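My notes follow in the order in which I made them.

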Amino acid sequence: MRRWWSLVWPPVVAVLFFLIVWQLCTSLFHIEDWILPSPADIAKQTAEGGGDLWGHALATVRLTLEGFIIGTLVGLVLALILHLIPFLKSALYPLLILSQNIPTIALAPLLMIWFGFGLLPKLIVITLVCFFPVAVATMGGLKQTDRMMLNYMRMIGANKSQIFAKLELPHALPSIFSGIKIAATYSVMGAVIAEWIGADKGIGYYMMLQKAGYRTDRMFVAIMLIVALSLLMFGLIALLEKWLVRWKPKQES
Amino acid sequence: MTISEQARVEDRSIPSQPELPPALEAAGISKAFRAKRSSLKVLDDITLTVNKGEFVSIVGPSGSGKSTLFHIIGGLVKPDAGTVRMNGKDVTGEQGHISYMPQQPALFPWRTIEDNVLLSQEVQGRVDQEARENARYWLDKVGLGGFEKAHPHTLSGGMQQRAAFLRALLSPQELMCLDEPFSALDALTRSDMQRWLLNLWEESRRSVLFITHNIEEALLLSNRIYVFSGRPASVLQVVDVPFPRPRREDIIEHPDFIQLRRELSGWMRDEQQKMQGHRPLK
């Protein structure tokens, strides 16, 4: 408990200090609200939930979760297929990397044109940002199976599916999770971008509206919500990992 | 029938019956590894036999290709020439006929000790309640009682090695291949483990092929010792170890034991020197 506290207090103090300086600056230098709102204003706006804030937030949460789950599954399945068929891996791996070089901002409007303003193009955007870290981490983890254990499994006559289920998959689990954690934070960003470009609800849409009305304070509220949502997603996956990878020796850092 | 019962039944059939085919016959095994242009010969015409219920050791300088021989016996690597026969059947290049204990314990960190010990049975077929009870009986017997549900990283090196040995012992295959199982342990733990293995083996009398470069270890445990030359490895000497069983640890002070050890050490030293002489200067 004491240890936990000693880890937590320095960043908490740093954040508090930063907020206080911010608050003092805005009031001392008489900065206009629409340029930079003070932390107190932002807190007030959050509490009021103006402009159906929570309705939009809920829509984003739903979209994020749906996209994240689909994106992660696509990443996992793709990694398994490429792992099992080396030829496909050598053929498609460069294309996978290419898919990450296309700017989402450029691709999203095209997807809207092709698939309309419904759910599908948004899910595609999130999937595109989510599947890559999961696929790369999973393939890496599956490839780095311990040679010694692999030899052992072969010597005692384990077949391919036994080697996969009893050795390769559990061995890759920690690295799969590091990919999923990245995907979890990316999924929020993907959802917001998708909403930004074409939606009638969600935090991304809310931001567009508030920007048009110069409601800088509400834009900060939106940013805060996005950060909180990203952290929440990350935390949930970290918890899931802790539960699934209980066997891992604790690393002293 | 549990393995302990099996062991008791087999006990009566010792010394090994000549009419039964040997647990392992490796005949004329040769192997070279090819790089781009050069070829490195590691095994040269190796022939060795492990009869049922025999403990056979291979000693040789390190880097002489002993582990490669194990990989060939285990079907991981195909020999360039020669055959591997088990119980009279040609199994060259086939996997799954031996029970194996590698140099490092190679326990699966996500499995509990009990599940680790049962792994090879799981791969070979199914694990039922009886197998679990048998595993617990043996875990208790080797001093791992109470650690059934522990994960490997919580155990000391010696305990992990005992669990790895148990995993090999509880495998359904007849022949156990142990590849320098104690080389990663400190001297004290090592001599503990030797004594432990000696007692356990004399009780279970499985057919064992044991790789080591520790001469004392080989003499203490084996019925027969194959001395390997340096690379490319060939069988230099075959030594029948005459000491009666059950052996006690104090035979290492017996004059005959000391004499044999001196002889073996001499051969080994010569081979090691030859290997170093051949090593190309860089």
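I count a residue as buried when its relative accessible area is under 20%, and as exposed when it is over 50%. The model is a predicted one.

Entry one, helix α2 of chain A. I looked up residues 39-48 and found Pro39(A), Ile42(A), Gln45(A) and Thr46(A) to be its buried residues. They lie on the same side of α2(A), because the arc they cover around the axis is only 125°. On the face turned away from that buried side I noted the exposed residues Lys44(A), Ala47(A) and Glu48(A). I then asked what covers the buried residues of α2(A). The cover includes α1 (2-28), α3 (53-84) and α10 (216-244), which belong to chain A. After the helix comes Gly49(A), with a positive phi near 65°.

Is Glu114(B) buried or exposed? It is buried, because its relative accessible area is 0%. Its side chain makes a polar contact of 2.9 Å with the side chain of Arg136(B). Beyond the neighbours within four places in sequence, I listed its contacts as Arg132(B), Arg136(B), Leu139(B), Glu148(B) and Lys149(B).

I put Ser120(B) down as buried because its relative accessibility is 0%. A polar atom of its side chain lies 3.4 Å from the backbone oxygen of Arg167(B). Setting aside neighbours within four places in sequence, I found Ser120(B) in contact with Tyr152(A) and Ile156(A), and also with Arg167(B), Ser171(B) and Pro172(B).

Notes: Residues numbered from 1 in each chain as written. Chains lettered and ligands numbered in written order. Predicted model: local features only at pLDDT ≥ 70, side-chain atom pairs only at ≥ 80, totals over all residues. Heavy atoms only, no water. Buried < 20%, exposed > 50% of the residue type's maximum accessible area, 1.4 Å probe, protein only. Polar contact = N/O pair within 3.5 Å; in protein donor to acceptor, adjacent residues only side chain to side chain. Contact = heavy atoms within 4.5 Å. Helix = DSSP H or I, 4+ residues; strand = E, 2+ residues; numbered from the N terminus. Arc of directions from axis to C-beta.
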